Amino acid sequence: MPRYHFNVYDGVTLLDKKGVELPDTMFARREAIRYAGVLLEEGARLESLGQEWRMEVTDGTELILFRLDFFVTLLPAVSSLDGPK
């Protein structure tokens with residue numbers, strides 16, 4: 001079975017050196033979405049999410065197969081809701 005690695009970049013690089021064996025790329029995609037959800041939830045609770053967050057899924061040769069990107073973009077409406085500083 002192929003081994004997939006889920007590397008996370010959010011201002012700090014977290015490389016998945018161990019990886020996980022999965023039947024195919026479709027299973028890896030599902031696992032990436034599930035795992036990203038867990039990490040994003042934890043980061044949101046700790047308020048440590050930066051403006052950019054991504055996960056790259058690689059195979060055993062470090063070839064990037066696909067990537068999940070998340071961006072936080074504050075718009076002018078947010079500053080008006082926060083009130084004067």
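Leaving aside its neighbours within four places in sequence, which residues is histidine 5 in contact with? This is a predicted model, so keep that in mind as we look. The residues in contact with histidine 5 are Asp16, Lys17, Lys18, Gly19, Glu56, Val57, Thr58, Asp59 and Gly60.

Histidine 5 sits in strand S1. Its relative accessible area is 12%, and because buried means under 20%, histidine 5 counts as buried. Two backbone atoms are reached by its side chain. One is the backbone oxygen of aspartate 16, at 2.7 Å. The other is the backbone nitrogen of glycine 19, at 3.5 Å.

Now the largest pocket. Rolling a probe the size of a water molecule over the atoms shows where empty space is left. Here the largest pocket holds about 160 Å³ of space. Histidine 5 is one of the residues that line the largest pocket, and the lining also includes Asp16, Lys17, Thr58, Asp59 and Gly60. Strand S1, residues 3–9, gives the most to this lining, with 3 residues. By type, the lining divides into 3 nonpolar, 4 polar and 4 charged residues.

Glutamate 62 is also among the lining residues. You will find glutamate 62 in the loop between strand S4 (52–58) and strand S5 (64–71). Is glutamate 62 buried or exposed? Its relative accessibility is 69%, so glutamate 62 counts as exposed.

One more point, on the backbone. Most residues other than glycine have a negative phi. Glutamate 62 has a positive phi, near 70°.

Methods:
Residues numbered from 1 in each chain as written. Predicted model: local features only at pLDDT ≥ 70, side-chain atom pairs only at ≥ 80, totals over all residues. Heavy atoms only, no water. 1 Å grid on protein atoms, 1.4 Å probe; cavity = no way out; pocket = protein on both sides within 12 Å on 5 of 7 lines; lining within 4 Å. Points joined across faces, edges and corners; volume = space filled by probe spheres on them. Helix = DSSP H or I, 4+ residues; strand = E, 2+ residues; numbered from the N terminus. Nonpolar A, V, L, I, M, F, W, Y, C, P; charged D, E, K, R; others polar. Buried < 20%, exposed > 50% of the residue type's maximum accessible area, 1.4 Å probe, protein only. Polar contact = N/O pair within 3.5 Å; in protein donor to acceptor, adjacent residues only side chain to side chain. Contact = heavy atoms within 4.5 Å.
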